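This report concerns a predicted model. Please examine the sequence and the structure below before reading on.

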Amino acid sequence: MKATRRDLFKFAAGGATGLLLTPAPWRLVTDAALWSENWPGIPKPVRGELRTRFTHCALCPAGCAVKARCVGDQPISLIGLPGKPLCAFGLMGHQLPYHAGRVRQADADAVRAVIAKRAANETVAVLDLRPGRTASWTYRRAMAALPRGVYLAARSSVPAVNLDAVKIILSLGVPVLDGWGTPSNVQQARSHFRLIQAEPAESRTALLADQWLKIRPGTELELVEALATGRGGAGTGLNEKVIASVANELVQAGALFLAAEESPSVLELNRKLGAVGKTIVAQREAPVPRSWKPAPVTPINSVPERSIGVLLIDESAADSYVPWSKLEGKLAPDALVVTFASSQAGYGRQAKHLLPTAVYPESTGDIPPAIDSPLATFRLTTPLVAPPRGVVNPAQFIGGLAAIDAADALRERAGAIHAAGRGSVCTYADGRSIPVEDIQPDQFWKALNDGACWIDEPGGKLLPPVLRASTPAVVALNWEKRAARGPMPPLVSKLYQESNLRVRI
Amino acid sequence: MSIDIDKCTGCGACMVACAVENNVPPAPEGVNERKGITWIRVFRLDNGAEGVDRKWAFLPMLCQQCGENTPCVSVCPQQAVQLDPATGIVGQMPERCLGCRYCMAACPYHARYFNWWDPSWPAGMEKTLNPAVAPRMRGVVEKCNFCHGRWHAAKARAAAQGRRDLDPADYVPACVEACPTSAIRFGDLNDLENAPERGSFRLLEKLGTGPKIYYQTQRDWVREIAAAPGGTERAHG
Amino acid sequence: MSHRGTLFFLAGALIALGAGWAGFPRVIYRSRPQPVEFSHKVHAEKAGMKCEDCHEIRADGSFAGIPRREKCAGCHEAAMGTTLAEKQFIDGYVTPQREVQWSVYARQPENVYFSHASHVKLAHLECATCHGDHGTSDSLRPYQEDRISGYSRDIWRAMKMNDCVACHRSHGFEKSCLDCHK
Amino acid sequence: MLMFGLYSAGLCLVKGLNQTNMDNRFAFGLWIFLDLTVIALGAGAFFTGFLLYILKVKELGAVINSAVVIGLVCYSGAVAALLVDVGQPLRFWFTFWYPNVHSMLTEVTFCITCYLTVLLIEYVPIVLRNRRLRQVPSFLIFEFELHKLVYVLAGVGTFLSFFHQGSLGGLFGVLRGHPFAFREGLAVWPSTFFLFVLSAAAAGPSFILLTTWLVSKISNRQLVRPEVLPLLGRISGMLMIAYVLAKTVDTLIWINHTSPGAGVPAWQYYSWKPFGTWILFAEIVAFGLIPALVLLTPRLRLRSNWLVSAAALTCIGIALNRFVMTLQTLALPTLSFDPFLSYFPSWQETGTFLGVVGFGVLVYSFSFRYLNLFPQERDLEQPEAAPVREPALAGRY
Amino acid sequence: MFPWNYGFHWGAVSIVFLGAFYCVLTVISTTLILALRRTYRSAAQGRADRIRWRSEFQELAARDRLCRHMLSGEFPYRECRNAFDCRRCEAHARILEKRRPAAVAETEEEVFGMAFPLDRLYHRGHTSVLPQPDGTALVELDELGRRLIGVPDQIALPQPGTRLRANGTGWRIRKREADIRVLAPVDGEVVDVSPARGGCLLVRPAEAAFDHLLTKSEVRPWLLREMERLQLALTAQGAPTLADGGVPVDDILASYPSADWDAVCSRMFLQP
């Protein structure tokens with residue numbers, strides 16, 4: 001019997017009916033839906049044991065204590081200690097290593113060879129963008145050892161600010177509420193100081209301040225003059241009454257007074273108001289081994305023009321930058337500029353070589369005392385993640401140039417601190433604080449590595465800072481400045497791109 | 001949860017902490033604030049004055065976990081949204097969601113977000129994802145659920161110690177934990193000590209959605225703006 | 001004529017049924033053997049171990065799952081028995097310090113949250129209630145994965161969502177999706 | 001056009017909805033708005049069917065086929081657009097499997113799916129009437145038998161349409177979060193539910209009228225008896241007037257009671273350019289009352305250009321209403337500090353929609369070419385040739 | 001959707017909602033099934049032809065459905081309600097009673113030079129029936145039909161022994177693109193067939209009642225009408241009107257090569 005078309009139809013119909021009675025079609029429909037649950041490309045978070053580790057945030061000189069929640073060894077979220085919260089950046093720190101714009105590879109040895117060759121008969125300068133670290137000491141030692149080594153600091157020594165004593169702050173465009181100092185301290189102090197912001201632009205500090213003096217751009221110093229002398233100030237665009245009342249206020253409350261940039265007149269006014277010695281005090285550094293012979297800190301201005309043959313810039317931890325225009329003049333015509341950085345964002349554009357460095361939280365190092373801590377502190381940032389292959393440790397590299405082994409510099413310094421026997425170490429894991437003399441050096445070292453902070457004892461009166469002719473620049477990294485420089489954690493997009501909480505750079 | 005607007009400095013820590021905690025991917029190319037995903041978003045209010053009298057206030061906005069005739073729950077065609085009777089949290093089930101976005105149209109607080117893009121992280125960054133929260137897929141709606149992953153973890157921890165119920169300390173959402181000024185506070189509304197203090201208000205109370213987020217402020221202009229109904233103010237956030 | 005029609009109809013139906021029930025599962029599921037020949041039975045009976053000896057619940061309430069290599073190596077640094085499987089395991093993983101890539105039958109989808117702590121410590125469930133006789137099985141059957149959805153075929157008997165729900169309902173624990181989903 | 005549509009739709013499906021200009025505020029965009037409109041216009045199918053088969057208005061037999069095809073086209077197009085619109089089309093069946101019976105959208109989904117099936121079944125006889133197909137006896141008989149039962153389908157269709165048209169209105173009426181759209185109503189249904197039913201019923205005939213007129217212009221054939229179109233017009237007009245009245249009442253209640261109750265004085269909605277009060281006026285008077293009156297005035301109704309333009313106005317009015325309900329609702333801020341947003345569809349969205357339209361036109365014109373959409377057409381060919389007279393001497397040779 | 005699905009609640013709303021849903025589904029499906037069953041039945045009973053004629057008759061343009069008695073002037077206007085089957089039309093019966101027998105019995109009617117012998121009966125599908133003395137009847141195309149088709153390309157005649165049904169398919173003729181079903185004028189059984197003259201059948205009628213066929217005096221008016229229709233059909237094809245005086249030549253088709261012959265024939269042979 002031969003099959004007609006009709007039969008085929010019947011056959012197909014039967015097939016359809018039969019198929020409906022099997023799991024096949026239903027399975028497929030369900031699977032299609034399930035498949036949309038783990039769409040290709042949707043990552044599966046790694047499971048594993050949750051651990052807590054402690055370190056310090058190296059993103060800014062505040063160096064807040066960090067409590068990292070890790071799965072296995074991988075940090076999945078960072079958080080501050082109770083009462084000592086992190087800023088938005090700190091919270092994103094663990095993502096920095098995955099920034100797309102990160103530089104990973106470079107031929108370090110070739111560069112080393114080149115530098116070594118030129119170091120013999122040319123001036124080698126190290127520009128340190130975060131002075132006061134152990135690494136900085138290494139640089140100074142190295143520069144001292146080299147025939148013609150110069151150590152340049154991006155800023156002259158910072159005084160400490162004793163926020164507890166502050167009653168009133170007049171800030172000349174300093175983002176006091178937006179990244180200056182240690183967030184937690186500023187927040188606590190905020191309740192007891194009054195903030196007057198003199199700034200031309202509508203910054204968030206200006207808008208959150210108690211009073212905002214909307215001065216004309218570039219008239220900060222004129223305002224200072226006016227406040228100091230009680231005369232003039234018309235150029236600022238403020239009327240005399242306002243200036244007078246502010247001046248009055250300042251005199252009433254022996255106040256801290258901040259400036260945006262270094263200038264003698266500001267210092268003068270601070271002196272006059274009695275801030276110096278009371279709220280502006282000397283920055284104290286943790287003890288260093290006596291064996292360390294440092295080169296002096298050379299102010300950039302005093303470097304002769306076109307003299308530097310090799311300029312090494314440590315950008316791995318950058319607080320304050322020196323405008324390139326200022327450096328350019330100091331360089332010899334065929335100068336070799338090498339920068340240690342994790343991305344092209346900073347001096348990488350001008351440098352001949354860029355040696356990739358580890359970024360927080362891969363890097364190892366210490367953080368100089370925050371601007372708002374009058375006491376000396378010693379805090380390590382220890383790697384939460386293993387740094388990738390091919391990154392260079394600037395300290396060891398530069399130390400190596402002068403045959404100084406800087407690998408153990410931190411440990412040596414810790415030893416020196418322990419030897420000094422002052423102060424106490426407070427460990428974050430248990431929140432206890434033990435006097436240094438009660439523990440062994442290696443315990444001390446271990447504690448520091450597991451997340452602990454050495455704080456000098458608040459002995460003696462606060463010394464007035466030894467200041468040159470100027471009040472030093474305030475170290476302030478507000479969001480915009482920061483975004484303009486080094487790489488940002490990807491999630492920052494939440495703040496400026498996916499919401500307009502922040503203006504985009 | 002209660003939020004003190006006066007304490008908020010708009011630093012954005014909460015937004016970041018939230019994104020980190022809940023595996024919200026960073027923005028792909030071309031995302032703007034209208035397509036972005038921020039379970040908690042800080043809005044900027046200003047008093048409209050010009051010059052030196054200009055003042056800002058910041059208002060963190062997250063899912064208000066509406067308790068009475070919750071707008072988004074009743075509209076979802078497939079029960080992907082539901083109000084947990086026990087915790088009072090409005091839960092969103094991405095794996096059930098069809099992506100019709102009706103709930104987003106229904107939400108007066110615009111606290112629901114749609115995955116317009118495939119979620120993607122920069123290479124290697126997926127290692128930093130939080131295993132307690134499942135990443136969402138493209139084409140579904142998501143929103144704040146008071147860090148439910150932490151709720152689970154807290155429960156598990158309690159269970160390991162043989163406890164059934166949680167202490168207040170066991171569980172706080174990421175934004176609360178991260179807020180530098182502790183402007184955001186969190187607690188069970190049923191406990192007396194967490195009763196909303198007087199002078200606190202809720203957003204769009206008149207809609208009768210019974211939100212569970214209470215806001216406080218001493219500044220009148222802030223109160224006026226925040227408590228006012230739709231579109232009376234020029235926008236900044 | 002109409003007889004022929006029915007004949008064809010039935011033929012079609014039968015073929016389809018066959019394909020759907022017999023053929024389809026072979027197509028849709030990818031089957032692969034476990035990397036190591038492991039017998040729960042031996043460990044349970046000979047070594048007299050309990051489940052929680054290897055699959056322990058951590059202090060923070062999370063579940064360790066399948067023990068990692070070093071835990072196994074704790075006993076199997078050197079061969080304890082004479083079985084080929086053990087030898088292979090030691091040569092293949094312990095000595096070269098390679099992790100074993102187990103495929104977990106009971107692996108739930110990413111969006112599922114399950115706390116062993118609350119089920120074992122609070123609800124006092126036996127492992128067998130969900131895992132059946134896995135704990136006493138003598139060999140590991142091949143792992144079957146759905147080609148499309150990528151999920152394990154049989155998450156043993158009682159680990160589909162409906163099973164969870166059924167149990168939760170019967171105990172009045174069914175509050176909201178978020179209880180078990182993340 | 002169809003290709004372009006498919007391409008854009010493909011983009012949206014493959015790359016995701018980021019291709020569109022919708023965003024978290026404008027969760028609904030062009031597609032939803034047009035779906036609503038199209039479905040309202042497609043309502044002609046159910047309403048004509050209802051009048052013809054249930055109320056036995058015989059004259060409408062002339063357009064029923066065309067009405068069914070239009071309905072089919074509109075609904076299938078709408079569903080297609082929806083499938084592109086949802087973020088996870090693979091999960092469409094969740095709505096059926098795990099329905100949340102309290103959601104208007106569930107109601108809509110269920111009804112529309114059922115109704116689409118009904119339309120398909122109603123479409124079958126029309127297809128089978130094709131001369132070639134009719135050569136197959138079984139087709140012939142099936143068509144015949146099915147046609148005898150079609151009134152049942154018409155009944156079901158009416159039921160379904162009533163509900164989903166309504167629920168489409170309900171979609172927005174229940175939005176407690178948007179005082180602009182929120183309405184109280186009877187039992188579970190907000191007033192918009194009934195308004196939508198009315199307006200859809202009113203727009204349907206007008207749309208059929210329009211298409212019929214258009215088709216006969218294009219093909220320049222007379223398709224229906226001259227009295228049919230005015231009849232449609234009259235029906236449309238009556239419903240329209242009812243709708244306008246209801247709408248007015250509803251609006252008043254809303255302005256004076258509902259909206260203030262939600263804490264928003266109604267004037268506020270119209271303080272945002274470009275959505276001034278003119279839009280309200282346009283919706284109710286310009287595109288509501290006026291065409292209704294025209295359609296109800298016998299004299300004007302009989303003039304085809306008046307008739308047609310009135311019908312057009314009606315359709316536009318309904319479209320406007322849907323627009324207000326979807327897009328204006330979303331555009332208006334609810335929180336004091338969020339902005340008034342505007343939205344313009346991306347080319348992918350437009351493309352997809354154009355594709356849908358293209359598909360519609362295609363289906364319709366095919367049906368028109370091969371199927372007998374207008375049964376009266378045959379009778380209406382006027383014999384031009386003078387009646388043949390027998391020549392006197394015929395057959396003499 | 002079903003009580004055993006997750007998330008199902010026995011609420012009043014869900015019961016009402018889903019109840020309604022299932023009702024709708026049942027109604028739709030029952031309608032379909034009903035239609036199918038009936039189809040099957042009628043097909044089994046071989047009612048295809050009747051149904052076809054029924055529906056096609058409905059499809060005919062109104063003026064092609066006119067009653068024969070209107071043609072012969074008994075009514076001013078009347079459409080046939082019985083699908084051209086006058087046997088069960090009481091109006092027809094009444095008229096027949098009234099009608100006095102035709103006075104003069106012409107033997108031959110000639111219209112437009114076409115011979116329509118009156119010794120036979122004519123079906124409106126352009127077939128003629130010539131009763132034979134032996135009780136059979138000779139069924140063939142009438143003059144106009146023949147001229148329309150001219151020389152057919154192909155003729156499909158039924159097997160002898162096939163049962164014909166009045167208004168059912170008699171035989172099929174192919175000519176160019178036209179595929180014509182010649183309607184059978186009478187019920188009956190085919191005795192013999194021949195392809196001559198566009199096909200003719202010898203049929204043994206079921207009963208000798210030929211009331212439904214046109215006779216004597218009705219033929220002329222009907223033909224006039226038919227010519228009109230033909231004219232119309234041709235003009236609809238954009239063809240010029242009939243040759244002068246409207247005398248249809250043999251093989252009309254040949255003289256209108258441009259015309260869509262399918263349309264014309266289907267019109268003339270009553271198949272919409």
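## Basis and confidence

Residues are numbered from 1 along each chain as its sequence is written, and chains are lettered from A and ligands numbered from 1 in the order in which they are written. In this predicted model local features need pLDDT of at least 70, side-chain atom pairs count only at pLDDT 80 or more, totals for chains, interfaces and linings use all residues, and side-chain values use heavy atoms, with hydrogens and water left out.

Over residues 233–237 of chain B, pLDDT stays under 50. Where pLDDT is low, the predicted coordinates should not be read in detail.

## Interface of chains B and C

Contact (heavy atoms within 4.5 Å) joins 24 residues of chain B with 22 residues of chain C. The count of salt bridges between chain B and chain C is 0, a salt bridge being a side-chain nitrogen of Lys or Arg within 4 Å of a carboxyl oxygen of Asp or Glu.

Helix α4 (residues 148–160) of chain B gives the most to the side of chain B that touches chain C, with 7 residues; helices are DSSP runs (H or I) of at least four residues, and strands (E) of at least two, numbered from the N terminus.

## Sheet of chain A

An open sheet of 6 strands in chain A runs in the order β12-β5-β4-β13-β14-β15, with parallel pairing; pairing requires at least two DSSP bridges between two strands. Its edge strands are β12 (297–298) and β15 (353–356) of chain A, each pairing on one side only.

Strand β4 (residues 123–128) of chain A pairs with strand β13 (residues 308–314) of chain A in the parallel sense over 6 bridges. The bridge partner of A:A125 in β13(A) is A:L311.

Terms used. pLDDT = per-residue confidence, 0-100.
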